[in-house]
Amino acid sequence: MKTAIAILDFGSQYTQLIARRVRELQVYCEIYPWHTQPEAIHALNPAGFILSGGPSSVYEENAPTLPLFILRSGLPVLGICYGMQLLAEALGGMVSASPQKEFGLAEIEVTSSNPLLKTGRQTVWMSHGDQVKEMPPGFYRLASSASTFIAAMADPARGIYGVQFHPEVHHTPRGIEILRAFVNDICGLQPEWTPENIIASSVERIRRQVGGANVLSAVSGGVDSTVATTLVHRAIGNQLRTVFVNTGLLRLNEAEQVEKVLKQHLGIPLVTVDASAGYFDALRGITDPEEKRRVIGAKFIEVFEQEAARAGNPPFLVQGTIYPDVVESSSAQGSQAQRIKSHHNVGGLPESMKFELIEPLRYLFKDEVRRVGEALGIPSQLVWRQPFPGPGLAVRCLGEVTPERVRRLQLADAIFREELETANLLNQKPAPGCALLAQAFVVLLPVRSVGVMGDRRTYQETAALRAVTSEDFMTADWAHLPYDLLGRTANRIVNEVPGINRVVYDITSKPPSTIEWE
Ligand code: XMP
């Protein structure tokens, strides 16, 4: 039975968004680089294809081309932007450069009734330099805008559609209706990709993969490792050994919370390793951010190797890899991106450690992971927890990482989070269309300044508050938090945390800053 959509990526910055929108419609889809071998795509048994946009021009030398097996399949196709131009060119139409690039909001008028677009006017997002000048035989025009005569075209008899604009972005308010018409009505797919079905199929797949063998999992307290571990536990019960390494670099009381949720709430037996003393030893005297990451990564491997040996070196390891990591590592942009921070090095295991990986979240987006987590009964405060960097508070404690300074940071950070929680701004499931407070935390600066408390001079460290809104963590805006919340937080930190006499608020966005300070 056909249950999925195949999305071909021609290099658009919005390809992942197309996939997220299709998944929002509860239909499974996968993204493939445009030059993927047809057999790999046939294995998905798709009911239709979506062709993404892309930065090229169809007439450029070496520009990505339309794989012809797509047309031969006889299945419905929706080409978006460059995808529509590829269809036009391959089927005998003509594409040429627009007199000027069109970028931004535009009004289209849908003149003829058709299965994809409702008649009337609607606002859409355009971003293109070329446009279709002549449609291929058999096509007719569905819509036009002031500067794009053929803003959408179709040959409904063959199920082939093209839109010059981007239905996948939020700036096209009715874009989801367009994708729904394609996925549900034209491809005939039902909304079956629900958390319950995802859980049932993962459990079955894990059982098949593992058989009677033992499996090791390391949880960090983050959403991904917790959901992955819970799924594997549901599949194989006590064949799973779960290890939690307390690095001493977690937030205040977090280690205890992780233990409580996993053991008591989810009934997953947990081996806790208190490795904090070893981590602080390894970090002594180190102030360089990348060196901190390297030392923490090496320490993790050391502790992990000991625990794997203690568990009898099971052949399988659970990893919480999620779909954006998979897509980025296979896309051209992913491998060429300049390294700003070595985010993904922490927790990476050496080649010599031979495990077969179990990656139950490999095809899920973050919001799907969270919904699966909720359906598995993981408490919502953990499911909606903000991302926390692998190296933990070490990269929020600028300068040397000592137990005393980490304690200072933990106390200040707990106050900030408490105030945000009271204001209902922390770990919230976002209201539709509302910018989520993506991350909020305290950074301890090794900068001492003079203050006065109770008539006495103080000379102490500085806490910086950082709070950002972000959809994807690639870009972020500083959060415009209420002044009274900031004031109360600063007041409490200075009064309640020994060693801090000054609080500042970080009002830079990313870029040019990054979210974390190190
Ligand atoms: P930046 O600071 O680069 O952060 O704007 C983007 C996102 O990545 C997280 N981050 C890390 N995550 N290991 C991680 O697992 C790291 O070393 C690391 N550094 C930053 C950061 O919290 C934000 O969500």
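**Figure 1. Overall dimensions of the protein chain in the predicted model.** For 518 residues, a compact globule would have a radius of gyration near 24 Å; the protein chain has 26 Å, in agreement with that expectation. Its C-alpha atoms fill a box of roughly 80 × 60 × 40 Å along the principal axes. The chain contains 16 helices and 18 strands, and 53% of its residues count as buried. Of the contacts with a separation of 6 or more, 75% are made by residues 24 or more positions apart.

**Figure 2. Surface and charge of the protein chain.**

**Figure 3. The aromatic pair Phe103 and Trp125.** The protein chain has 10 aromatic pairs. In the pair shown, the ring centres are 5.4 Å apart and the planes stand at 70°, so the arrangement is edge-to-face. Phe103 belongs to strand β5 (residues 94-110) and Trp125 to strand β6 (residues 120-134), 22 residues apart. Phe103 is exposed, at 62% relative accessible area, whereas Trp125 is buried, at 12%.

**Figure 4. The aromatic pair Phe304 and Phe355.** The ring centres lie 6.0 Å apart with planes at 70°, so this pair is edge-to-face. Phe304 is in helix α10 (residues 289-310) and Phe355 in the loop between α12 (332-336) and β14 (356-358), so the pair ties together parts 51 residues apart in sequence. Phe304 is buried, with a relative accessible area of 4%; Phe355 is buried, with 17%.

**Figure 5. An aromatic cluster.** Phe10, Trp34 and Tyr82 are linked into a cluster by ring pairs.

Conventions: Residues numbered from 1 in each chain as written. Predicted model: local features only at pLDDT ≥ 70, side-chain atom pairs only at ≥ 80, totals over all residues. Heavy atoms only, no water. Helix = DSSP H or I, 4+ residues; strand = E, 2+ residues; numbered from the N terminus. Rg over C-alpha atoms; globule rule 2.2 N^0.38 Å. Buried < 20%, exposed > 50% of the residue type's maximum accessible area, 1.4 Å probe, protein only. Contact = heavy atoms within 4.5 Å. Areas by Shrake-Rupley, 256 points an atom, 1.4 Å probe, with all protein chains shown as cover. Lys, Arg positive; Asp, Glu negative; His and termini not counted. Charge placed at Lys NZ, Arg CZ, Asp CG, Glu CD. Phe/Tyr/Trp six-rings, centres within 6.5 Å; stacked < 30°, edge-to-face > 60°.
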